[in-house]
Amino acid sequence: MAISYIHLFILSFISISRFLVISKAGAESELVADLLTLQSQSESGVIHLNDRTVSKFITSTKTPRPYSLLIFFDAIPLHDKSDLRLPVLVHDFALVASSFIANHNGSNTKLFFCDLEFRESQSSFKLFDVNSLPNIYLVGPDAESLKDDIEQMEQSGFTRLTESLVEFIESRTQLTVGPIHHSPIISKKQMVLISGFLLIWSPFAARKIFAGETMFHNPRIWLSGAIFVYFFSVSGAMHIIIRKMPMFLMDREDPNKLIFFYQGTGVQLGLEGFMVGFLYTIVGLLLAVVTHVLVYVKDLKTKRIGMLFSIFVSFWAVKQVIFLDNWKTRYAIHGFWPSRWN
């Protein structure tokens, strides 16, 4: 009789355990299904959360969760502040989200991209202890405390959010994001209109070219273009455009102070690059003056003064660039003199 009771107890315990496991699995599957539904309803795949859904998918769900949530904290009233660049960051975040979903054919259930808006979710902002923007948090499957167990993306990553966000996701979740699918600059309709305009305009352009009456026959245009290309290349303007770097940043400790030079490798602000480009352009122009102008000056004194001035200004300009590089990278470039000069 005792053995029968023991068997009955064991069978009951196994049945209850199976029921609890099945119930938990069913609840988790329902949460994932709800997230997939919300993701499919969003054009970019970014799920818009609020206080209710934060409670449903995070605080009221026991760990470990079957998913991770990458949350972008936004505030629409601050979109007009150019130093925060929130509209650009929202676009880049959505671009990474849509690319991630497309690369996984919409079958991923491990990571979901979400956003929280301050006016709609002030309680959630307090829950995450978010006091400044922009901010991105990764809520992992085992995160219980939303202040201690979550991972925050570094502020330096927002200067080039697309690449930094991909690195952040792959290093923290061990998931592969895949290639980023940028939207084409020119649509098909615009391409058709441009092609039609070029076909209509081409006969008139050909007549001007053969007659030598275009702006491209003016040597000053080529000279100005060469200087512009030189400045464009040495200032890192292409890097600024591709990375969408801001001209300057607002100092978080002192809102009335602007940051024009950022200390750290891999980051170059717009005005910082233009300043370096201006110094390099001065050196290039002085070299052009020495090789194409001073050589034709007959007065020896004037030639020497021009040469010394060019050397002095070029030395000063290059020294400023080296000083800035040493300050940014903390790698000092030392000068070495011949040993017999000591």
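Student: At what angle do α7 and α9 pack, and how far apart are their axes?

Tutor: This is a predicted model. In it, α7 and α9 pack at about 135°, and their axes are 8 Å apart. That angle makes α7 oblique to α9.

Student: Which hand does the crossing of α7 and α9 have?

Tutor: Right-handed, as α7 passes α9.

Student: Which residues of α7 and α9 meet?

Tutor: On the α7 side they are Ile-227, Tyr-230, Phe-231 and Val-234. On the α9 side they are Phe-274, Val-276, Gly-277, Phe-278, Tyr-280, Thr-281, Gly-284 and Leu-285. By class, that contact has 9 nonpolar and 3 polar residues, with no charged ones.

Student: Take Thr-281. Which helix is Thr-281 in?

Tutor: Thr-281 sits in α9.

Student: Buried or exposed, Thr-281?

Tutor: Thr-281 counts as buried because its relative accessibility is 10%, and the cut-off for buried is under 20%.

Student: What is Thr-281 in contact with, leaving aside neighbours within four places in sequence?

Tutor: Ile-227, Tyr-230, Phe-231 and Val-234. Those four residues are in α7, on its side of the contact with α9.

Student: Back to α9 itself. How many residues does α9 have, and how far does the helix reach?

Tutor: Helix α9 runs over residues 270-292, which is 23 residues. From first C-alpha to last it reaches 32 Å, close to the 33 Å expected at 1.5 Å a residue.

Student: Which residues of α9 are buried?

Tutor: Gly-270, Glu-272, Gly-273, Val-276, Gly-277, Leu-279, Thr-281, Leu-286 and Val-290.

Student: And what do the buried residues of α9 pack against?

Tutor: Three helices: α7 (219-234), α8 (237-243) and α10 (300-329).

Student: Other helix pair. How do the axes of α3 and α5 cross?

Tutor: The axes of α3 and α5 come within 9 Å and cross at roughly 45°. That makes α3 oblique to α5. The crossing is right-handed.

Student: Which residues make the contact of α3 and α5?

Tutor: From α3, Leu-89, Asp-92, Phe-93 and Val-96; from α5, Leu-161, Thr-162, Leu-165, Val-166 and Ile-169. By class, the contact of α3 with α5 has 7 nonpolar residues, 1 polar and 1 charged.

Student: Where does Ser-164 lie?

Tutor: Ser-164 lies in α5, the helix of residues 161-173. Ser-164 counts as buried, with 10% relative accessibility.

Student: Which residues does Ser-164 touch, not counting those up to four places away in sequence?

Tutor: Met-153 and Gly-157. Ser-164 and Met-153 are 11 residues apart in sequence, and their C-alpha atoms are 8.7 Å apart.

Student: Changing topic to the backbone. What is the peptide bond from Thr-63 to Pro-64, cis or trans?

Tutor: Cis, with omega near 0°. Pro-64 is in the loop between α2 (51-59) and β2 (68-74).

Student: And which kind of peptide bond joins Leu-133 and Pro-134, cis or trans?

Tutor: That bond is cis too, with omega about 0°. Pro-134 is in the loop between α4 (122-128) and β4 (135-139).

Student: What is phi of Asp-129?

Tutor: Near 60°, a positive value in a residue other than glycine. Asp-129 is found in the loop between α4 and β4, where Pro-134 also has its place. Asp-129 counts as partly exposed, at 41% relative accessibility.

Student: And phi of Arg-85, what is that near?

Tutor: Near 55°, which is positive, and Arg-85 is not a glycine either. Arg-85 has its place in the loop between β2 and α3 (86-103).

Student: Buried or exposed, Arg-85?

Tutor: Arg-85 is buried, with a relative accessible area of 11%.

Student: Now the whole chain. How many helices and strands are there?

Tutor: The protein chain has 10 helices and 7 strands. Of its 342 residues, 30% are buried.

Student: Among contacts with a separation of 6 or more, what share comes from residues 24 or more positions apart?

Tutor: They account for 65% of those contacts in the protein chain.

How values were computed: Residues are numbered from 1 along each chain as its sequence is written. This is a predicted model: local features need pLDDT of at least 70, side-chain atom pairs count only at pLDDT 80 or more; totals for chains, interfaces and linings use all residues. Side-chain values use heavy atoms; hydrogens and water are left out. Helices (H or I, at least four residues) and strands (E, at least two) are DSSP runs, numbered from the N terminus. The expected span of a helix is 1.5 Å times one less than its number of residues. Buried means under 20% relative accessible area, exposed over 50%, partly exposed in between (1.4 Å probe, protein chains only). Contact means heavy atoms within 4.5 Å. Axes are lines fitted to C-alpha atoms, for helices over the stretch in contact, and angles run from 0 to 180 degrees between N-to-C directions. Angles under 35 degrees count as roughly parallel, over 145 as roughly antiparallel, 65 to 115 as roughly perpendicular and the rest as oblique. A crossing is left-handed if the near helix is turned anticlockwise from the far one by less than a right angle, and right-handed if clockwise. Ala, Val, Leu, Ile, Met, Phe, Trp, Tyr, Cys and Pro count as nonpolar, Asp, Glu, Lys and Arg as charged, and the others, Gly among them, as polar.
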